[in-house]
There are 2 protein chains.
Amino acid sequence: MTVARIYITLRKGILDPQGQAVAGALRGLGFDGVEDARQGKVIELKLKDGAGTAETKTQLEKMCQQLLANPVMEDYRVEMIG
Amino acid sequence: MTVARIYITLRKGILDPQGQAVAGALRGLGFDGVEDARQGKVIELKLKDGAGTAETKTQLEKMCQQLLANPVMEDYRVEMIG
């Protein structure tokens, strides 16, 4: 089985209210060193073996483009693990 | 400035309906190789310099325990970048 991790984060310059709420809450708890926080998603996929590595990477790229990320607002990074 | 990334994922054995929805949607789009998907969060924190690395790690650990993760249901991993 192949495992892939996809990290999806908002692009720079896109407002991130969830991240701002996290930063505010941390400061409220006394963690004064927090300047900024941004929140994103990780999706861990288990894939059937069979397709080669190159083919799997192409498939993962397509999954991100078609469903997992919104390429207008979000950046994504694909990482394959074993 | 120090940047830290915190990865928060549901523990093994905890039902992940969001992940199941992602897996189902990917299969529906024709990505038949998808066996399972699990979804988690990434939080990227920008921290003021000043505290040493060891102190910062302790602070990050506390942030996870007190606010960012639910240690009963979630695992977290802290990664410091530059």
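A residue counts as partly exposed when its relative accessible area falls between the buried limit, under 20%, and the exposed limit, over 50%. Arg77(B), at 38% relative accessibility, is therefore partly exposed. The model is predicted. A rotation of 180° with 0.0 Å of shift along its axis superposes chain A on chain B, with an RMSD of 0.0 Å. The two copies are thus related as by a two-fold rotation axis.

**Symmetry and interface**
- Within chain A, Lys41(A) has the C-alpha nearest the axis, 2.2 Å from it.
- The copies meet through the same surface, because 100% of the interface residues of chain A are also interface residues in chain B.

**Helix contact between chains**
- Helix α2 (residues 53-68) of chain A and helix α1 (residues 17-28) of chain B have axes that come within 11 Å and cross at roughly 105°.
- α2(A) and α1(B) are therefore roughly perpendicular to each other.
- Met63(A), Leu67(A) and Leu68(A) of α2(A) meet Val22(B), Ala25(B) and Leu26(B) of α1(B).
- The residues of this contact comprise 6 nonpolar, no polar and no charged.

**Salt bridges**
- The whole structure holds 7 salt bridges over all chains.
- In chain B, Arg77(B) and Glu79(B) pair through their side chains at 3.6 Å, N to O, and Glu79(B) is partly exposed at 29%.
- Salt bridges that share partners join Arg5(B), Glu44(B), Arg77(B) and Glu79(B) into one network.
- Glu44(B) and Arg5(B) form a salt bridge at 3.1 Å, N to O.
- Glu44(B) lies in strand β2 (residues 34-47) of chain B and Arg5(B) in strand β1 (residues 2-10) of chain B, so the pair ties together parts that are 39 residues apart in sequence.
- In chain A, Arg77(A) and Glu79(A) meet in a salt bridge at 3.6 Å, N to O.

Note on methods:
Residues numbered from 1 in each chain as written. Chains lettered and ligands numbered in written order. Predicted model: local features only at pLDDT ≥ 70, side-chain atom pairs only at ≥ 80, totals over all residues. Heavy atoms only, no water. Axes fitted to C-alpha atoms, helices over the stretch in contact; angles between N-to-C directions. Helix = DSSP H or I, 4+ residues; strand = E, 2+ residues; numbered from the N terminus. Parallel < 35°, antiparallel > 145°, perpendicular 65-115°, else oblique. Contact = heavy atoms within 4.5 Å. Nonpolar A, V, L, I, M, F, W, Y, C, P; charged D, E, K, R; others polar. Least-squares fit on C-alpha atoms with pLDDT ≥ 70 in both. Salt bridge = Lys/Arg side-chain N within 4 Å of Asp/Glu carboxyl O. Buried < 20%, exposed > 50% of the residue type's maximum accessible area, 1.4 Å probe, protein only.
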